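Subject: Two-chain model for you to look over

Hello,

Here is the structure I promised to pass on. Please open it alongside this note; my findings follow below.

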Amino acid sequence: MSRPPAPHDPRAAGLPDGEALLSVRHLDTTFHTPRGPLHAVRDVSFDVRPGEVLGIVGESGSGKSVTLRSILRLLKPPTEITGEVRWKGLDLLTASRRRMLEVTGAEISVIFQEPMTALNPVLTVGEQILESLRAHEGLRGAAARDRATELLDLVGIPSPRERLGAYPHEFSGGMRQRAMIAIALASTPQLLLADEPTTALDVTIQDQILKLLLRLREQLGMSVILVTHDLGVVAQTCDRVAVMYAGRLVETAPVRAVFREPKHAYTLGLRLSLPSGGAHRQPLQPIPGAPPDLQDLPPGCPFAPRCSYVTDACRAEEPRRQPVAPQHTSACIHSDRLPAFEEVGS
Amino acid sequence: MSARSPRTSAGSAGTDGLAFEVDGLVKTFPVERTLFERLRREEARAVHALNGVALRVERGETLGIVGESGCGKSTLARCLVRLHEPDTGTIRYHGIDVRSLRGDALRQYHRKVQMIFQDPYSSLNPRMSVGQILREALTVHAMRPPKAVFARQSELLDLVGLPVDSLERMPHEFSGGQRQRIGIARALALEPETLVADELVSALDVSVQAQVINLLLELQSRLHLTVLFVAHDLRLVRHISHRVAVMYLGRVVEVGATEALFKDPRHPYTRALLSAAPSLDPERKTESEAVKGELPSPMRIPPGCPFHPRCPVAMERCRSEVPALLPRADGRVHACHLEEPQPTEDARAA
């Protein structure tokens, strides 16, 4: 497999060096399975800028969640993670686990899809917030309790002081996600990693949680990486988008460009397969076939077998991601043949 | 029969045009009391899944049923195919009371009204090949003489777009989208008139959803099927439904022709639901939440209008009086006190 020019090539993420809060370069994650190695993430490079919401979007098996978990080495062995994840000069992948936790424990927080499994069921919500406040902020006693109350209030939990004594099972799904966000915020992180945070929630509650995340981003000036499969969530929440397919990052762009002028045939296919008003009860335009087996990838571009723009060149060699417009990179050699959207639709 | 023009009135019509007529459907599920609750002699609790659902489904139409968790949409679907027995209320299918069916008539009903489930991974027997799954459906209802079963199996595979060699293969050898096709083929083996699809494509990836939706649209026009499309994905429901019913906490709160309902929702809950669904246009962002508050538990449904604790325009009357699902002055059908019900037939004639 060919590798992009050089490590730390700013073009790989489409922005000048030094601007990034988090820099991921050539991230490779391999699971060792009974069927042999499974290359879940391949050569993924991107940057997260201060204060931005970066969306990582893709279908199941695209590697979006594995990418997120690789950043904090949250995957159980036997898993091999190579490449570089640079956070303020420290490479999180090669640092000792202790050193990594010292740095990231306070500055990077994570929230997951299912808060019931991520929260500790035998500790009250208050105890879980206090634990984080003690470890990262050195707060104890009344000061810690005041701060915990403040945090629950910040995430929109009513009568926060009383709710400190509640257990996770006493909360509804939306409230649990709010509680998990409060715990994540206790260490005043600069980066929040959110893995499908609203996928298990109803649409009116999803709307509340997404608006909450955006409000917190403004108030606290933190950056967010939001992993999701939902293009609507991306459109409403993210500043920039990274599209993944079969373990590779295939396109990065500002959110508007992804929806108006997608430069990868897969991104375009995803957009077209969604109904967007207009042709009521007319056939949709699906992407034919199914995503490839990661242990049996086709030669060349992994999307080639399902692509309507495919040519022999696509099958010959796996295309590299390259700049196609300002702040816009794509790994599609036919990016200039793809149509733009006049109207985005609903 | 081609797709009928969408009806906006919930009033009575000739029964020959109707597939389903549902009235006053109530279903509660008792909740087991914990030991602690029993010792404290607390009252037994129940999940009030359906609280008087009224609905008409026309023959040949696609009726979308939308709502959030606890709204009762799946319970309603299961009552229609008699997987659940409602506590009270009537379900008429082609004019006949479904709950009175016995013996052969009931068997015929089970054949004519088929349900397709959300999860293609758990609704197919993992130890049966696709051929066996289809053969079972064909023989249990004696749809074909034994000699003709193989030919019919191949026909069904062709109908749902699966390769002919699929018969020998097991469900796990297929992708999610293909498994959903197997489930559809099994339902079609019984030559049903009506399909009840509960979250048909929710478990599938976006790029594959469109394939299954196209199959459903094509089959419906070829086989003149009536389709109940129960789903939480508003974009899909808008695309394929002739009419849409919006449910909230066990009641239908608004029903109407799809475009009218989506372009100009009348019930405050419908408005909240539609504006909460994230738009694909990054330039149409909203700052404020579509609706505040939590979904109440179906074990403790608020009195009066079930939406009043979250409703931005709730009045005193909403707290005590349940609004009826009736046609309003503008012809739209919803259950909100803000607009007065349409005058009766006599009053209009006068």
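Leu18(B) has Glu58(B) as its bridge partner in strand 2 of chain B. Strand numbers here count DSSP runs from the N terminus (E, at least two residues; helices are H or I, at least four). Strand 1 (residues 18-31) of chain B pairs with strand 2 in the antiparallel sense, over eleven bridges. Pairing requires at least two DSSP bridges between the strands. Both strands belong to an open, antiparallel sheet of four strands in chain B, ordered 2-1-4-5. Strand 2 (45-58) and strand 5 (96-97) are the edges; each has a single partner strand, so one side of each lacks a neighbour in the sheet.

Some ground rules. This is a predicted model: local features need pLDDT of at least 70, side-chain atom pairs count only at pLDDT 80 or more, and totals for chains, interfaces and linings use all residues. Residues are numbered from 1 along each chain as its sequence is written, while chains are lettered from A and ligands numbered from 1 in the order in which they are written.

Confidence in chain A: the average pLDDT (the predictor's confidence in each residue, from 0 to 100) is 90, and 93% of the residues score at least 70. Residues 1-17 of chain A are the caveat, with pLDDT below 50. That stretch still has 29 contacts beyond near neighbours in sequence. A contact means C-beta atoms, placed from the backbone, within 7 Å. Where pLDDT is low, the predicted coordinates should not be read in detail.

Next, chain B again. Helix 6 (residues 176-188) has 13 residues and spans 18 Å from first C-alpha to last. That is close to the 18 Å expected at 1.5 Å a residue, taken as 1.5 Å times one less than the number of residues. Twelve of the 13 residues are buried. Buried means 20 or more other C-beta atoms within 10 Å of the residue's own; exposed means 12 or fewer, partly exposed is in between, and C-beta atoms are placed from the backbone. The buried residues of helix 6 include Arg179(B), Arg181(B) and Arg186(B). They pack against strand 6 (113-116), helix 4 (130-140), helix 5 (149-159), strand 7 (194-198) and helix 7 (206-223) of chain B.

Strand 6 of chain B is covered on both faces: Val113(B) and Met115(B) are buried on one side, Gln114(B) and Ile116(B) on the other. Strand 6 runs parallel to strand 7 of chain B, paired over four bridges. Ile116(B) has Ala197(B) as its bridge partner there.

What of the cores? A nonpolar core is a set of buried Ala, Val, Leu, Ile, Met, Phe, Trp, Tyr and Cys residues joined through C-beta atoms within 7 Å. The largest has 92 residues; Leu193(A) and Ile225(A) are among those with the most contacts inside it. Helix 7 (residues 173-185) of chain A gives the largest share, eight residues. Apart from this core lies another, of 91 residues, including Leu63(B) and Ile182(B).

Finally, the interface. In chain A, 37 residues are in contact with 35 of chain B. Elements of chain A giving two or more residues to this side include helix 7 and helix 8 (203-220). The chain A side divides into 16 nonpolar, 15 polar and six charged residues. Here Ala, Val, Leu, Ile, Met, Phe, Trp, Tyr, Cys and Pro count as nonpolar, Asp, Glu, Lys and Arg as charged, and the others, Gly among them, as polar.

Best wishes

Technical notes:
Contact = placed C-beta atoms within 7 Å.
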